[in-house]
Amino acid sequence: METRRLFLQKASLSAMALAVPALTPLSAMTNSMNTPAKDSKTLRVAIMGLGSYGTRVAEAIQDCERVKLVGVISGTPSKIEDWKSNYNIPAKNCYNYDNFDAIKDNPDIDAVYVITPNALHKDQVIRVAKAGKHAICEKPMATSAEDGQAMVDACKAAGVHLLIGYRMHFEPNTLEVIRMRKDGELGDVRFFQGLCGFEIGNPNQWRMDRALSGGGAMMDIGIYAINGARYMIGDEPIWVTAQEVKTNPEKFKEGLDETITFQLGFPNGVIASCLSTYNMNNLDRFFLNGSKGWVEMQPSTGYGPIKGQTHKGPLNEPIVTHQTVQMDEMAAIIFDGKNPEVPVNGEEGVKDMKIIDAIFRAVETGGKVPLNLG
């Protein structure tokens with residue numbers, strides 16, 4: 001099945017073939033990633049949704065220093081049995097979608113990572129919060145800003161963390177670009193371009209079912225350009241315009257966007273010009289231009305390695321497994337109160353959802369839609 005995950009793997013495949021032998025062990029990243037002491041508290045996680053990305057996260061957790069996979073939640077009994085065997089998960093930590101509220105009485109689980117279709121996130125995260133467990137939710141966090149805010153409110157009311165799976169917020173080359181921008185090495189930022197897309201395959205997959213996905217390419221791929229524009233520019237957009245092109249209305253039915261180009265306006269005249277598509281391959285590129293320098297990243301959001309160059313030369317930060325670093329950093333957020341360079345909290349997710357809502361309104365109206373992200 002062609003999915004976002006397959007796209008991201010393909011986007012980085014040729015570079016990965018050369019770079020995999022040079023993968024940096026997490027133990028060698030202790031200084032740059034501020035890895036805590038070995039006696040720090042371990043985050044015990046159950047994964048909800050045992051598909052391809054759930055498997056990727058599970059494998060990445062095996063190399064974590066502060067996170068342990070201890071439970072699973074799935075509607076497929078055969079998957080549960082496989083995971084019990086593969087990851088040594090006790091039967092008492094295995095649940096289905098009907099009974100997982102019982103994790104409330106399981107002291108061996110600290111957090112649940114929700115990796116299910118987008119439209120299910122809201123209700124599942126709220127149930128996790130009511131069970132008194134921290135919630136990690138794959139992006140997009142929901143199918144609307146309203147639903148995302150309900151998730152934030154529920155987690156606050158329950159006194160638990162809500163973190164969104166923004167793995168790029170911990171990726172070393174991305175963080176180096178942010179450092180360069182903050183230190184003035186690019187001068188005044190003036191322009192960002194984000195291109196995200198691939199040709200989607202199986203039309204019967206859940207991403208092509210609006211009731212489960214909440215949309216088409218924008219929810220799946222376009223959110224990378226939205227989020228990337230915000231952390232690369234270092235500011236919040238104040239308006240958006242957008243245009244949709246649909247060449248295959250039989251495949252991309254009402255409510256399923258095929259290709260959308262959109263523009264984000266930032267304070268001081270900075271513009272982001274972005275493309276989100278399910279109809280073109282080889283699109284995984286960020287470009288940032290400033291008065292003193294520039295950055296080009298390609299691939300910019302793939303699973304790795306992230307490649308890029310600047311006016312100063314190539315980006316050569318350590319290559320890491322994104323999900324491993326993400327999970328260890330999330331343990332530090334939950335247990336140590338660590339503030340990451342770029343937030344991964346629920347509020348961050350709601351901002352992206354507000355922009356997506358506005359992009360869809362701009363497509364419908366053909367006008368400029370104001371944004372107020374607070």
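Val45 pairs with Ala111, its bridge partner in strand β4. This is a predicted model, in which local features need pLDDT of at least 70 and side-chain atom pairs count only at pLDDT 80 or more, while totals for chains, interfaces and linings use all residues. Residues are numbered from 1 along each chain as its sequence is written, and side-chain values use heavy atoms, with hydrogens and water left out.

Strand β4 covers residues 111-114 and runs parallel to β1, with four bridges joining the two. Two strands count as paired if DSSP finds at least two bridges between them. Helices (H or I, at least four residues) and strands (E, at least two) are themselves DSSP runs, numbered from the N terminus. Val45 also has a bridge partner in β2, namely Leu69. Strand β2, residues 67-73, is parallel to β1 as well, and six bridges hold the pairing.

How many of the six residues of β1 are buried? Five are, so strand β1 (residues 43-48) is mostly covered, where buried means under 20% relative accessible area, exposed over 50% and partly exposed in between (1.4 Å probe, protein chains only). Now follow the chain onward: β1, helix α4 (residues 52-61) and β2 form a right-handed β-α-β unit. Right-handed means that, with the strands pointing away from the viewer, the path from the first strand over the helix to the second runs clockwise.

Next come the charged pairs. The structure has 22 salt bridges, each being a side-chain nitrogen of Lys or Arg within 4 Å of a carboxyl oxygen of Asp or Glu. One of them joins Asp110 to Arg44, with the closest N and O atoms 2.9 Å apart. Because Asp110 sits in the loop between β3 (94-95) and β4 while Arg44 belongs to strand β1, this pair ties together parts that are 66 residues apart in sequence. Asp110 is buried, at a relative accessible area of 12%, whereas Arg44 is partly exposed, at 27%.

Another salt bridge connects Arg230 and Glu348, whose closest N and O atoms are 3.0 Å apart. Here too the pair links distant parts of the chain: Arg230 is in helix α10 (residues 217-233) and Glu348 in helix α12 (residues 346-365), 118 residues apart. Arg230 counts as buried at 5% relative accessibility, and Glu348 is buried at a relative accessible area of 7%.

Salt bridges can also share partners: Glu176, Arg179, Asp183, Glu185 and Lys312 are joined into one network in this way. Within it, Arg179 and Asp183 form a salt bridge with their closest N and O atoms 2.7 Å apart.
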